[in-house]
Amino acid sequence: MKEAAILALGFVLLGWFIKSGIDNFANKDRKVTVKGLAEREVPADKVTWSISTKETGNDLPSLYEKINVQTEKIKQFLVQNGIGADEITVNAPIVNDLEAREWGDNQKSFRYIVTMAVTVATGKVAQVNKAIFRQGELLKQGVAIENSYPQYEYASFQQMKPEMMQEAIKNAQKTAEQFAEASNSKLGKIQSAGQGQFEIDNRDEHTPHIKKLRVVTTVTYSLRD
């Protein structure tokens, strides 16, 4: 009788272990993978602005003098608009000799085209934006602007990464919790998480000095009953 009771208890425990093992096996691969998003709009904190001017003629020494005068006017204009002298770089002049060409029309009234660019690299984005709108003052001084290209950056992005990653993971968790609730499950621990994909774009084509930051991370959670 005692042996029968022990045997019966053994069968009960065996059944429990088998059921527990089946449940664990069934729940082993129960998981949900979701994406979390975090976005910010921030003003650019660095700008590189290149302004180029050119002179045409037949006498190179005279052209060098003229282009240097034009370049000096650009530098003075920038300093007057709040740009530091140490933030201004004058690039070497580029000389294009039309008579040296082996192709094209050489019937122009001048032989040389001398181009020189002045580049600003600064964190004074607001001052540069104001100067850009005042470029007409250079035209009044006789400076012919060939090209004017500002390029904006958000150099402090690395400092924003941890905060935005944390927000993206929280948003991923909210999505996973909603999924778990809809499937009558409970959200378990994180099984895996990507480092996140970071993007920096202009907010739109008209405001390149305002940047849109975007972080997308992929997180996998376990699910349990």
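Select Asn-81 to start: this residue is buried, with a relative accessible area of 10% (buried means under 20% relative accessible area, exposed over 50% and partly exposed in between, with a 1.4 Å probe and protein chains only). The model is predicted, so local features need pLDDT of at least 70 and side-chain atom pairs count only at pLDDT 80 or more, while totals for chains, interfaces and linings use all residues. Residues are numbered from 1 along each chain as its sequence is written, and side-chain values use heavy atoms, with hydrogens and water left out.

**Around Asn-81**

Asn-81 belongs to the loop between helix H2 (60-80) and strand S3 (88-90). Helices (H or I, at least four residues) and strands (E, at least two) are DSSP runs, numbered from the N terminus. Show the side chain of Asn-81: one of its polar atoms is 2.7 Å from the backbone oxygen of Phe-77. Next, display Gln-127, Ala-131 and Arg-134, which Asn-81 touches when residues up to four places away in sequence are not counted. Contact here means heavy atoms within 4.5 Å.

Step back to Val-79, in helix H2. Val-79 is partly exposed, with a relative accessible area of 43%. A distance drawn from C-alpha to C-alpha between Val-79 and Ala-131 gives 9.8 Å, for residues 52 apart in sequence.

**Helix H3**

Select residues 125-133, helix H3, and colour its buried residues: Val-125, Val-128, Asn-129, Ala-131 and Ile-132. Look down the axis of H3: the buried residues fall within an arc of 160°, so they line one face of the helix. The arc is that of the directions from the helix axis to the C-beta atoms. An α-helix has 3.6 residues a turn, so residues three or four places apart point the same way. On the face of H3 turned away from the buried side are the exposed residues Lys-130 and Phe-133.

What do the buried residues of H3 pack against? Show strand S2 (46-57), H2, strand S5 (112-122) and strand S6 (145-153), which are their packing partners.

**The nonpolar cores**

Now select Trp-49, Ile-74, Leu-78, Val-120 and Val-128, the residues with the most contacts inside the largest nonpolar core, which has 18 residues. A nonpolar core is a set of buried Ala, Val, Leu, Ile, Met, Phe, Trp, Tyr and Cys residues joined through side-chain atoms within 4.5 Å. S2, H2, S5 and H3 are the elements that give two or more residues to this core. H3 gives the most, with four residues.

Centre the view on Ile-74. Leaving aside neighbours within four places in sequence, Ile-74 is in contact with Ile-51, Thr-53, Val-118, Leu-138 and Val-143. Another core, of 10 residues, lies apart from the largest one; Ala-38, Val-42, Met-165 and Ala-168 are among its members.

**The aromatic pair**

How many aromatic pairs does a search of the whole structure find? There is one. Select Phe-157 and Phe-198: their ring centres are 5.6 Å apart and their planes at 75°, so the pair is edge-to-face. Rings of Phe, Tyr and Trp (its six-membered ring) pair if their centres lie within 6.5 Å, with planes under 30 degrees apart counted as stacked, over 60 as edge-to-face and the rest as tilted. Phe-157 is in helix H5 (residues 157-182) and Phe-198 in strand S8 (residues 197-202), so the pair ties together parts that are 41 residues apart in sequence.

Phe-157 is buried, at a relative accessible area of 8%, whereas Phe-198 counts as partly exposed at 25% relative accessibility.

**Along H5 and past its end**

Thr-175 is also placed in helix H5. Thr-175 counts as partly exposed, at 35% relative accessibility. Apart from neighbours within four places in sequence, Thr-175 is in contact with Val-34 and Lys-35.

Move on to Asn-184, in the loop between H5 and strand S7 (186-193). Asn-184 counts as exposed, at 71% relative accessibility. Its phi is near 55°, a positive value in a residue other than glycine. Most residues other than glycine have a negative phi.

**The whole chain**

Zoom out: the protein has five helices and nine strands, and buried residues make up 30% of its 225 residues.

How values were computed: A polar contact is a pair of N or O atoms within 3.5 Å; within protein, one must be able to donate a hydrogen and the other to accept it, and residues adjacent in sequence count only if both atoms are side-chain atoms.
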